[in-house]
Amino acid sequence: MNGPEHYPFSVRPLPYPSGALAPMLDGRTVRIHHDGHYASYVQKLNEILKSYPQYQKLPLEALILKQAFLPEKIRTDVKRNAGGVFNHKLYFESLAPAGRSTPSPSFEKIICECFGTVNNLLVNLKEAGMSVFGSGYAYLTSDMCGKLHILTMKNQDTPIEQRLNPLFPLDVWEHAYYLQYQNRRDRYLNAILKLINWKVIEQNYHSFP
Ligand code: MN3
């Protein structure tokens with residue numbers, strides 16, 4: 001068994017062809033986001049850690065959570081880039097071509113306990129996505145009791161810093177949608193909420209340590 005991934009981090013390939021999310025998310029938008037933005041977080045994190053062999057065995061989560069142990073000189077850059085790697089890996093994994101997936105009956109029950117209906121969860125996610133000022137995420141998470149929560153995150157912050165289980169990071173950085181939707185974040189949100197891979201979300205829900 002391999003342990004958790006550590007330096008040098010690598011870009012996870014898309015689990016679908018880059019054009020597979022069209023027309024909701026076109027291939028160019030997905031490619032530039034994945035091969036450009038996500039890859040650059042990976043590259044920058046590796047560049048920083050290159051000169052610090054003592055931190056090269058730390059998994060991504062530890063780099064995010066154990067900030068206080070890192071030298072001040074690299075702390076902020078490690079947090080931003082490790083967060084960027086963490087969030088983007090999860091973002092691309094959590095999407096699938098439209099219409100491929102619905103929540104399982106048991107997960108739907110959990111959603112309904114927390115939000116009333118699946119549609120209500122989506123409405124709440126969209127509202128949270130619209131409410132992010134500047135760059136960040138609307139994040140579907142769960143807590144230690146298994147209850148679902150939607151919160152907003154700034155920049156490349158992650159729910160693990162709040163001891164919450166990350167289920168789905170709805171990326172509302174402009175780089176996630178500007179090529180296709182320009183300033184119309186609402187249209188991007190309508191589209192991406194049709195692309196949620198519920199199977200992955202449910203696996204994430206059950207994988208909380
Ligand atoms: Mn992004």
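(Buried means under 20% relative accessible area, exposed over 50% and partly exposed in between, with a 1.4 Å probe and protein chains only.)

## What you're looking at

This is a predicted model, where local features need pLDDT of at least 70, side-chain atom pairs count only at pLDDT 80 or more, and totals for chains, interfaces and linings use all residues. Residues are numbered from 1 along each chain as its sequence is written, and side-chain values use heavy atoms, with hydrogens and water left out.

## The manganese site

Let's start with the metal. The manganese ion gets its protein donors from His33 (NE2), His88 (NE2), Asp171 (OD) and His175 (NE2), at 1.9 to 2.2 Å. Donors here are N, O and S atoms within 2.8 Å of the metal (3.2 Å for Na, K and Ca); water is not among the atoms, so sites may look incomplete. Along the sequence, the spacing of these donor residues reads H-x54-H-x82-D-x3-H.

His33 sits in helix α1 (residues 27-50) and Asp171 in strand β3 (residues 165-171), so this pair ties together parts that are 138 residues apart in sequence. Helices (H or I, at least four residues) and strands (E, at least two) are DSSP runs, numbered from the N terminus. Both His33 and Asp171 are buried.

## Strand β3 and its partner

β3 is largely enclosed by the rest of the structure, because 7 of its 7 residues are buried. Its pairing with strand β1 (residues 136-142) is antiparallel and runs over 6 bridges; strands pair if DSSP finds at least two bridges between them.

## A kinked helix

Helix α3 (residues 72-93) has 22 residues and spans 32 Å from its first C-alpha to its last, close to the 32 Å expected at 1.5 Å a residue. That expected span is 1.5 Å times one less than the number of residues. There's still a bend to point out: α3 has a kink of about 30°, centred on Val78. The bend at a residue is the angle between axes fitted to the seven residues ending there and the seven starting there.

## Aromatic pairs

Searching the whole structure turns up 8 aromatic pairs. Tyr181 and Tyr188 make a tilted one, with 6.4 Å centre to centre and 55° between the planes. Rings of Phe, Tyr and Trp (its six-membered ring) pair if their centres lie within 6.5 Å; planes under 30 degrees apart count as stacked, over 60 as edge-to-face and the rest as tilted.

Elsewhere, ring pairs join Tyr38, Tyr91 and Phe92 into a cluster.

Most residues other than glycine have a negative phi, and most peptide bonds are trans. Now for the exceptions. The bond from Tyr7 to Pro8 is cis, with omega near -10°, and a cis bond also joins Ala22 and Pro23, with omega about 5°.

Two residues other than glycine have a positive phi. Asn155 has phi near 50° and is found in the loop between β2 (148-154) and β3; at 44% relative accessibility, Asn155 counts as partly exposed. Gln182 also has phi near 50°, this time in the loop between α6 (178-181) and α7 (185-192). Gln182 is partly exposed as well, with a relative accessible area of 38%.
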